[in-house]
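Please read them with the sequence and the structure open beside you.

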Amino acid sequence: MDSAPGSTAGRRGPDWPVAAGVYGVLFIAGVVQGIIGSFQYSRVPKPVPVAALACCAAILLTCLLAAWALRSVSGALLPGIGWIIAAFVLSMPVASGSVIITATTPGKWFLYGGTLSVVAAVIASFAALASGPHRGPNPGSRPRSG
């Protein structure tokens with residue numbers, strides 16, 4: 001069935017609402033991870049901050065998987081920015097003097113290790129996309145010989 005010129009049959013709508021939704025969900029996922037981690041980073045009372053390291057591994061994995069799924073560095077950047085905003089806002093003291101993320105070893109590992117995890121994921125996604133397979137010109141656009 002042919003469509004008349006100018007008709008919208010077979011056309012897709014704009015992709016920006018879907019992309020905005022995906023990036024918004026990734027940002028919110030990072031915020032949620034930052035909030036949960038801010039309250040759970042010191043859960044395991046051991047000399048090694050296992051829970052803080054697990055939170056760092058979780059945000060690293062989230063950023064890497066998001067970058068891989070979207071094939072874009074911004075896939076790693078958005079959950080990372082959400083995590084950093086949530087974690088650092090919750091690490092600031094309030095007027096009453098209470099602090100959620102304390103200046104203990106697990107707190108430092110959570111904040112600084114998580115930030116380094118986000119940076120590592122963004123750098124890794126840059127490197128993976130830069131070294132990925134490069135697509136040549138569209139085969140249909142090549143001039144035919146003969």
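This is a predicted model: local features need pLDDT of at least 70, side-chain atom pairs count only at pLDDT 80 or more; totals for chains, interfaces and linings use all residues.

1. Helix H2, residues 50-70, packs against helix H4, residues 105-131, at an angle of about 20 degrees, and their axes lie 8 Å apart. Because angles under 35 degrees count as roughly parallel, H2 is roughly parallel to H4. The crossing of the two, H2 and H4, is right-handed.

2. On the H2 side the contact is made by residues including Ala52, Leu53, Cys55, Cys56 and Ile59, while H4 contributes, among them, Trp109, Phe110, Gly113, Gly114 and Ser117. The residues of this contact between H2 and H4 divide into 16 nonpolar and four polar, with no charged residue.

3. Helix H3 covers residues 73-90, and its 18 residues, at 1.5 Å a residue, should span 26 Å; the C-alpha atoms at its ends are 26 Å apart, so the expectation and the model agree. The buried residues of H3 include Val73, Ala76, Pro79, Trp83 and Leu90, and the buried residues of this helix pack against H1 (16-40), H2 and H4.

4. Once neighbours within four places in sequence are left aside, Ser125 is in contact with Ala67, Val73 and Ala76. Of these partners, Ala67 belongs to the H2 side of the contact with H4, whereas Val73 and Ala76 are among the buried residues of H3.

Notes
Residues are numbered from 1 along each chain as its sequence is written. Side-chain values use heavy atoms; hydrogens and water are left out. Axes are lines fitted to C-alpha atoms, for helices over the stretch in contact, and angles run from 0 to 180 degrees between N-to-C directions. Helices (H or I, at least four residues) and strands (E, at least two) are DSSP runs, numbered from the N terminus. Angles under 35 degrees count as roughly parallel, over 145 as roughly antiparallel, 65 to 115 as roughly perpendicular and the rest as oblique. A crossing is left-handed if the near helix is turned anticlockwise from the far one by less than a right angle, and right-handed if clockwise. Contact means heavy atoms within 4.5 Å. Ala, Val, Leu, Ile, Met, Phe, Trp, Tyr, Cys and Pro count as nonpolar, Asp, Glu, Lys and Arg as charged, and the others, Gly among them, as polar. The expected span of a helix is 1.5 Å times one less than its number of residues. Buried means under 20% relative accessible area, exposed over 50%, partly exposed in between (1.4 Å probe, protein chains only).
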